[in-house]
Amino acid sequence: MKRLLFIILIGVQPVLAQQELERANTYFERAFYSDAIPLYEQVLSTNRSQQVLQNLADAYYRTYDMHSAARWYNTLISRSGKNVDASYYFKLNQSLKAIGKYQEAERVLQEYYQRLGDSVSINKIGQDNLYLASIQSIGDRFAIQNLPLNTPASEFAAIQIDSNLIYTAARKKNTSLKKVYRWNNQNYLDIYIHPMDKIGQNDSFSNSLSGKVNTKMHEGTYAITKDRKTIYFTRNNFIKGRKRTDNKKISNLKIYKAEWIDGEWSNITELPFNSDDYSTEHPALSHDETKLYFSSDRPGGYGSFDLYSVDIISDGSYGVPKNLGSSINTDKKEQFPFLDTHNNLYFASNGHPGFGLLDIFISKYESGNHQNPDNLGLPVNSGYDDFAISFHSPSEGYFSSNRPSGKGSDDVYSFEETKPLIFQPKEMEKSQNAIKTTDIVEMESTLVKNGDRIMIKAEQIHFDYNLWYLRNEAKDRLGVVLDILQKYPNSIIEVGTHTDSRGNLEYNRELSQKRANSVKDFLVSKGIGPDRIIAKGYGESRPLVKCETDDECSEEDHELNRRCEFVVIEGM
């Protein structure tokens, strides 16, 4: 009987595992990520397929558990690297940045592009790093403060309107609505109003926006006209009590308009350029209120979410939405637009050079056009999502972030700008010397100043006795040198090899030159231009430990003298 029971249990286990996998996949497809995670974790004991690993990593990524996301993206790529879509390398890069592993994050993309032979993308990584180093060199540009109204749930997208702060938050006080948003198992979002004279108080002073804007579905980011008679806001595809979904059972986002009538928001209408098949979200008004800006993943864009503008006609109709173009939009996400009184455009993006996940950027409005955007800098931007900025004076306002140092999930922060954004991208195009060498050395843990020389720190490169061919571990150790050369594409280095004092002077010089040439040949084979590497064999002419006779020095002393040095000549 026991044996029979054992056989039955063995037979049942695969069936149960398959059922758990099917449930997990269903939850994942419907964006119920918090529910899918524990099921995928259970399935892992019997199934580590590429699809399971992808979905589990994505579920953690979309619920902002970046440590777990990085772990499973790493596992996915190490198991199925050549069969994994490029987006997973990007998400691993972003996850690693979020948890502060910037060098590892950079190496992930460099190795991927190197395998593809994509020198353009490798060079762009180097340029982006120089740009970000220049932004970092400014230091903290803002004084920021986490607002007392924040809770462990989400609060974000705050704008000061007259004597109130109006913001988006997970539903707070209506306990009769038990339904939760199964993406993250928080309550659905509503729009709240908090009096400015209570800004130092907690969210007990926050009240739901009056009227018919808030429903049982999501309501969020908004824009209000100067006469305070019209509000544009984001909501799920939901009107007159009906929710509509696409063919994946996802209720996309749309922009609606409401009017201020008899002391409340009512007469809600859907804007005509929405669709059931994609999202339209995050409305923002130009200063003269003749254009509405928004984000959308509609077909025809550059990828994921792009920013658009649409004319608001005087008769209340709308023009045709226009994509803001490739200087603003990338193949990643651009969201949460805001325009200040000078029509400078602020937005969040993970496609422009950033410190991880979404960063906030500014595109200045000059001569009737929005210019190439700049990263807004620290500490408004971090390794996590930073987004939804607004200004109520030329230097003060609010932004949102889900950085781990907050109270939980998304939080609203106030800010005051204390330093100007003095970096100009055109200077970077002219010269890589836009950043001081000392700043680069401080930023890069693999660079060190030795007197008047800048050296790349690498583990010792060893050769077999009397030979000059690179051993496998030597090739691995050259990875840090390759990283620097790829990151700073204008840099030139000298590879200097040295021997100990034993042996003939001329023989040692020739042997060291052959060894230097081997190192250069390896770096060139990895895509580095030969004119960027000077190979120099010094033989025994520059010992670290001077030996009057060979026997006077210990074996450790001789080993110190047998070395390979990497000295930066130019480009830092």
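In the predicted model, 55% of the contacts in the protein chain between residues at least 6 apart in sequence join residues at least 24 apart. The secondary structure of the chain consists of 13 helices and 31 strands. Of the 572 residues, 51% are buried. The chain exposes about 27600 Å², of which carbon and sulfur atoms supply 49%.

The mean pLDDT of the protein chain is 86, with 86% of the residues at 70 or more. Over residues 424-433, pLDDT stays under 50, and the model has 13 contacts beyond four places in sequence for this segment. Where pLDDT is low, predicted coordinates should not be read in detail.

Helix α11 spans residues 479-487 and is largely enclosed by the rest of the structure, because seven of its nine residues are buried. These buried residues are Val481, Leu482, Asp483, Ile484, Leu485, Gln486 and Lys487.

Helix α11 also takes part in the lining of the largest cavity, to which α11 and α6 (102-116) each supply at least two residues. One cavity of 30 Å³ or more was counted, and the space in the largest cavity is about 90 Å³. The lining comprises Gln103, Glu106, Arg107, Gln110, Glu444, Thr446, Val480, Asp483, Ile484 and Lys487. By class, five of the lining residues are charged, three are polar and two are nonpolar. Asp483, Ile484 and Lys487 of the lining are also among the buried residues of α11.

Note on methods. Residues are numbered from 1 along each chain as its sequence is written. This is a predicted model: local features need pLDDT of at least 70, side-chain atom pairs count only at pLDDT 80 or more; totals for chains, interfaces and linings use all residues. Side-chain values use heavy atoms; hydrogens and water are left out. Helices (H or I, at least four residues) and strands (E, at least two) are DSSP runs, numbered from the N terminus. Buried means under 20% relative accessible area, exposed over 50%, partly exposed in between (1.4 Å probe, protein chains only). Contact means heavy atoms within 4.5 Å. Accessible areas come from the Shrake-Rupley method with a 1.4 Å probe; for residues, only the protein chains shown count as cover. pLDDT is the predictor's confidence in each residue, from 0 to 100. On a 1 Å grid over the protein atoms alone, a cavity is a set of points where a 1.4 Å probe fits but cannot get out, and a pocket is an open set with protein on both sides within 12 Å along at least five of seven lines; lining residues have an atom within 4 Å of a point. Grid points are joined across faces, edges and corners, and a volume is the space filled by probe spheres set on the points. Ala, Val, Leu, Ile, Met, Phe, Trp, Tyr, Cys and Pro count as nonpolar, Asp, Glu, Lys and Arg as charged, and the others, Gly among them, as polar.
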